[in-house]
Amino acid sequence: RDTYYNGEFNGADYYEYFKIFMWEAKNYGLDLDYTLEYPIIIEPRTHQNPNWVAWAKERDNDKKIHIGINTELFFSVSRSNRARLYIMFHEFGHDILNLPHFSTNSCSNITHLMNPCGRNDIGVDEFKQLVKELFKGL
(Lines give C-alpha, C1' and ligand atoms only; values in the text may rest on other atoms or scores of the structure.)
Protein backbone atom coordinates (compact mmCIF):
# COMPACT_ATOMS: atom_id res chain seq x y z
CA ARG A 1 0.00 0.00 0.00
CA ASP A 2 2.67 2.52 0.92
CA THR A 3 4.48 1.67 -2.30
CA TYR A 4 1.49 2.90 -4.30
CA TYR A 5 0.88 5.90 -2.09
CA ASN A 6 4.52 6.91 -2.35
CA GLY A 7 4.07 6.98 -6.12
CA GLU A 8 6.21 3.90 -6.73
CA PHE A 9 4.30 2.46 -9.67
CA ASN A 10 4.29 2.90 -13.42
CA GLY A 11 2.36 6.17 -13.68
CA ALA A 12 2.41 6.01 -17.48
CA ASP A 13 0.30 2.81 -17.42
CA TYR A 14 -3.30 4.01 -17.15
CA TYR A 15 -4.52 0.57 -16.08
CA GLU A 16 -2.20 0.62 -13.09
CA TYR A 17 -4.46 3.30 -11.56
CA PHE A 18 -7.49 1.08 -12.15
CA LYS A 19 -5.77 -1.90 -10.48
CA ILE A 20 -4.85 0.21 -7.44
CA PHE A 21 -8.42 1.53 -7.17
CA MET A 22 -9.84 -2.00 -7.36
CA TRP A 23 -7.33 -3.24 -4.78
CA GLU A 24 -8.27 -0.43 -2.37
CA ALA A 25 -11.99 -1.08 -2.87
CA LYS A 26 -11.42 -4.73 -1.87
CA ASN A 27 -9.45 -3.64 1.19
CA TYR A 28 -12.54 -1.75 2.33
CA GLY A 29 -14.89 -4.64 1.63
CA LEU A 30 -16.25 -3.37 -1.68
CA ASP A 31 -16.42 -5.98 -4.43
CA LEU A 32 -16.23 -4.23 -7.80
CA ASP A 33 -15.23 -7.32 -9.80
CA TYR A 34 -18.38 -6.97 -11.93
CA THR A 35 -16.59 -4.11 -13.71
CA LEU A 36 -14.09 -6.59 -15.15
CA GLU A 37 -16.86 -8.04 -17.33
CA TYR A 38 -17.27 -4.78 -19.25
CA PRO A 39 -15.07 -2.54 -21.41
CA ILE A 40 -12.47 -0.50 -19.54
CA ILE A 41 -11.21 2.38 -21.65
CA ILE A 42 -8.68 4.84 -20.30
CA GLU A 43 -7.32 6.96 -23.10
CA PRO A 44 -5.77 10.25 -24.11
CA ARG A 45 -8.52 12.59 -25.29
CA THR A 46 -9.25 16.24 -25.80
CA HIS A 47 -12.14 17.89 -24.02
CA GLN A 48 -14.07 21.04 -24.80
CA ASN A 49 -12.70 22.45 -21.53
CA PRO A 50 -8.91 22.55 -22.01
CA ASN A 51 -8.35 22.93 -18.25
CA TRP A 52 -9.80 19.52 -17.37
CA VAL A 53 -7.07 17.01 -16.54
CA ALA A 54 -9.37 13.96 -16.75
CA TRP A 55 -13.06 13.16 -16.93
CA ALA A 56 -15.43 10.21 -16.59
CA LYS A 57 -17.16 9.76 -19.92
CA GLU A 58 -19.53 6.94 -18.87
CA ARG A 59 -20.73 8.11 -15.49
CA ASP A 60 -23.90 6.25 -14.47
CA ASN A 61 -23.28 3.56 -17.11
CA ASP A 62 -22.36 0.47 -15.10
CA LYS A 63 -21.53 -1.53 -18.23
CA LYS A 64 -18.58 0.58 -19.35
CA ILE A 65 -15.71 2.45 -17.77
CA HIS A 66 -14.39 5.25 -19.94
CA ILE A 67 -11.94 7.85 -18.65
CA GLY A 68 -10.53 10.57 -20.86
CA ILE A 69 -7.14 12.08 -20.00
CA ASN A 70 -5.58 15.35 -21.13
CA THR A 71 -2.04 13.98 -21.27
CA GLU A 72 -0.38 17.41 -21.36
CA LEU A 73 -1.91 18.30 -18.01
CA PHE A 74 -1.92 14.81 -16.53
CA PHE A 75 1.80 14.29 -17.12
CA SER A 76 2.79 17.83 -16.16
CA VAL A 77 6.25 17.92 -14.59
CA SER A 78 4.79 19.37 -11.39
CA ARG A 79 2.29 16.50 -10.99
CA SER A 80 3.52 13.47 -9.03
CA ASN A 81 2.26 9.90 -9.44
CA ARG A 82 0.39 10.33 -6.14
CA ALA A 83 -1.34 13.46 -7.52
CA ARG A 84 -2.24 11.48 -10.65
CA LEU A 85 -3.59 8.69 -8.45
CA TYR A 86 -5.75 11.26 -6.66
CA ILE A 87 -7.14 12.41 -10.03
CA MET A 88 -7.85 8.86 -11.19
CA PHE A 89 -9.51 7.87 -7.90
CA HIS A 90 -11.73 10.93 -8.34
CA GLU A 91 -12.67 9.91 -11.90
CA PHE A 92 -13.25 6.26 -10.92
CA GLY A 93 -15.44 7.62 -8.12
CA HIS A 94 -17.61 9.17 -10.83
CA ASP A 95 -17.46 6.34 -13.34
CA ILE A 96 -17.53 3.22 -11.18
CA LEU A 97 -19.14 4.42 -7.96
CA ASN A 98 -21.46 6.95 -9.68
CA LEU A 99 -20.56 9.64 -7.16
CA PRO A 100 -21.17 13.34 -7.80
CA HIS A 101 -18.78 16.10 -6.85
CA PHE A 102 -18.63 16.53 -3.10
CA SER A 103 -18.44 20.32 -3.26
CA THR A 104 -18.12 22.90 -5.99
CA ASN A 105 -17.74 25.93 -3.75
CA SER A 106 -14.04 26.12 -3.01
CA CYS A 107 -10.73 24.74 -4.12
CA SER A 108 -8.96 26.10 -1.04
CA ASN A 109 -10.21 23.41 1.38
CA ILE A 110 -9.99 20.02 -0.26
CA THR A 111 -11.15 17.45 2.25
CA HIS A 112 -12.78 14.84 0.03
CA LEU A 113 -11.62 12.90 -3.03
CA MET A 114 -14.78 13.89 -4.87
CA ASN A 115 -14.03 17.59 -4.54
CA PRO A 116 -13.49 18.76 -8.15
CA CYS A 117 -10.18 20.49 -7.42
CA GLY A 118 -7.17 18.19 -7.60
CA ARG A 119 -4.04 18.60 -5.53
CA ASN A 120 -0.43 18.26 -6.60
CA ASP A 121 0.92 18.54 -3.06
CA ILE A 122 -1.12 15.93 -1.21
CA GLY A 123 0.82 13.96 1.40
CA VAL A 124 0.77 10.20 1.86
CA ASP A 125 -1.12 10.20 5.18
CA GLU A 126 -3.69 12.70 3.93
CA PHE A 127 -4.26 10.68 0.76
CA LYS A 128 -4.73 7.47 2.78
CA GLN A 129 -7.34 9.24 4.90
CA LEU A 130 -9.20 10.54 1.83
CA VAL A 131 -9.28 7.04 0.32
CA LYS A 132 -10.58 5.59 3.58
CA GLU A 133 -13.33 8.22 3.74
CA LEU A 134 -14.25 7.61 0.10
CA PHE A 135 -14.81 3.87 0.53
CA LYS A 136 -16.12 3.88 4.09
CA GLY A 137 -18.72 6.48 3.12
CA LEU A 138 -20.40 4.13 0.63
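**Close-up views of a predicted protein chain**

**Figure 1. Overall dimensions of the protein chain.** For 138 residues, a compact globule would have a radius of gyration near 14 Å, and the protein chain has 14 Å, which agrees; the radius is taken over C-alpha atoms, and the globule rule is 2.2 Å times the number of residues to the power 0.38. The model is predicted: local features need pLDDT of at least 70, side-chain atom pairs count only at pLDDT 80 or more, and totals for chains, interfaces and linings use all residues. Residues are numbered from 1 along each chain as its sequence is written, and side-chain values use heavy atoms, with hydrogens and water left out. The C-alpha trace spans about 35 × 35 × 30 Å along its principal axes. The protein chain exposes about 7300 Å², of which carbon and sulfur atoms supply 46% (Shrake-Rupley method with a 1.4 Å probe; for residues, only the protein chains shown count as cover). Of the 138 residues, 45% count as buried (buried, under 20% relative accessible area; exposed, over 50%; partly exposed, in between; 1.4 Å probe, protein chains only).

**Figure 2. Secondary structure and contacts along the protein chain.** Five helices and three strands make up the secondary structure; helices (H or I, at least four residues) and strands (E, at least two) are DSSP runs, numbered from the N terminus. Their order along the sequence is α-α-β-β-β-α-α-α. Among contacts with a separation of 6 or more, 61% come from residues 24 or more positions apart (contact, heavy atoms within 4.5 Å).

**Figure 3. Strand β3 and its partners.** Five of the five residues of β3 (residues 65–69) are buried, so the strand is largely enclosed by the rest of the structure. I65, I67 and I69 point one way, whereas H66 and G68 point the other way. Strand β1 (residues 40–44) pairs with β3 in the parallel sense over five bridges (pairing requires that DSSP finds at least two bridges between two strands). Strand β2 (residues 54–56) runs antiparallel to β3 and is joined to it by three bridges. I67 of β3 is the bridge partner of I42 and also stands opposite A56.

**Figure 4. Helix α5 and its buried face.** The 13 residues of α5 (residues 124–136) should span 18 Å at 1.5 Å a residue, and the end C-alpha atoms are 18 Å apart, which agrees; the expected span is 1.5 Å times one less than the number of residues. V124, F127, L130, V131, L134 and F135 are buried. Seen down the axis of α5, these buried residues fall within an arc of 125°, so they line one face of the helix (the arc is that of the directions from the helix axis to the C-beta atoms). They pack against α1 (2–5), α2 (14–27) and α4 (81–95). The face turned away from the buried side carries the exposed residues D125 and K136.

**Figure 5. Helix α2 and its surroundings.** The end C-alpha atoms of α2 are 21 Å apart, which agrees with the 20 Å that its 14 residues should span at 1.5 Å a residue. Its buried residues include Y14, Y17, F18, F21 and M22, together with E16 and E24. The buried residues of α2 pack against α1, β1, β3, α3 (71–74), α4 and α5.

**Figure 6. Two loop residues with positive phi.** Most residues other than glycine have a negative phi. D60, in the loop between β2 and β3, has a positive phi of about 70° although it is not a glycine. D60 is exposed, with a relative accessible area of 56%. N98 lies in the loop between α4 and α5, and its phi is positive, near 60°. N98 is partly exposed, with a relative accessible area of 25%.
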